[in-house]
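Let's take a look at a protein model together. Keep the 3D view open while you read.

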Amino acid sequence: MRKKDKRSRLTVAGISLMIIAFLVICLSSRSGKSTESINRLLIESCQLQRVENASFNPEAEVIVVLKYFGNNYMERSRYHLPLLPTISAALVQQRQMLSVTTATGKQVAFDKVGNAYGVVTAETVADTPGPSER
């Protein structure tokens, strides 16, 4: 009788170990998919959603901008317009960048990460002095 009890206990223990191993394998393959979806959500929440012009000082050419990212994260940034890298207006439209216009008519564009660029149009290129005029 005891041998049959030991065999049945071993059988139950073996089956339960196989079930546990099966569940661990299923959950481990499933966690990879959930990790990808979590990473995708984190990337989407870090993208710039909206930009607002908070203030502009025309004498110092300093603009203060409120940037709204996903998950209700807001950032307040100050930019000195002459120090911004420039980008063409056509490229701003092509990349579907968000932009803000100052009181003097200058535009500042923002990519999805939140980096700022001064927008250069044909009119602003004609207004800036060349290297020989400086």
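What follows is a short tour of a sheet and of one lysine. Keep in mind that this is a predicted model.

**The sheet**

Start with the sheet: it is open, and its 4 strands come in the order β4-β7-β6-β5, with mixed pairing. Which strands stand at the edges? They are β4 (86-88) and β5 (98-101), and each has a single partner strand, so one side of each has no neighbour in the sheet. Going from one strand to the next, the twist averages 40°.

As background, strands of a sheet pair through backbone hydrogen bonds, and they can do so parallel or antiparallel. Here, β6 (residues 107-110) and β7 (residues 116-120) run antiparallel and are joined by 3 bridges. If you look along this pair, you'll find valine 108 opposite glycine 118 in β7.

**Lysine 67**

Now move over to lysine 67, which sits in strand β2 (residues 62-69). Is lysine 67 buried or exposed? Its relative accessible area is 3%, so it counts as buried, the cut-off being under 20%.

And what does the lysine 67 side chain meet in there? Here are two polar partners:

| Partner of the lysine 67 side chain | Part of the partner | Distance |
|---|---|---|
| Tyrosine 79 | side chain | 2.8 Å |

How values were computed. Residues numbered from 1 in each chain as written. Predicted model: local features only at pLDDT ≥ 70, side-chain atom pairs only at ≥ 80, totals over all residues. Heavy atoms only, no water. Pairing = 2+ DSSP bridges. Helix = DSSP H or I, 4+ residues; strand = E, 2+ residues; numbered from the N terminus. Axes fitted to C-alpha atoms, helices over the stretch in contact; angles between N-to-C directions. Buried < 20%, exposed > 50% of the residue type's maximum accessible area, 1.4 Å probe, protein only. Polar contact = N/O pair within 3.5 Å; in protein donor to acceptor, adjacent residues only side chain to side chain.
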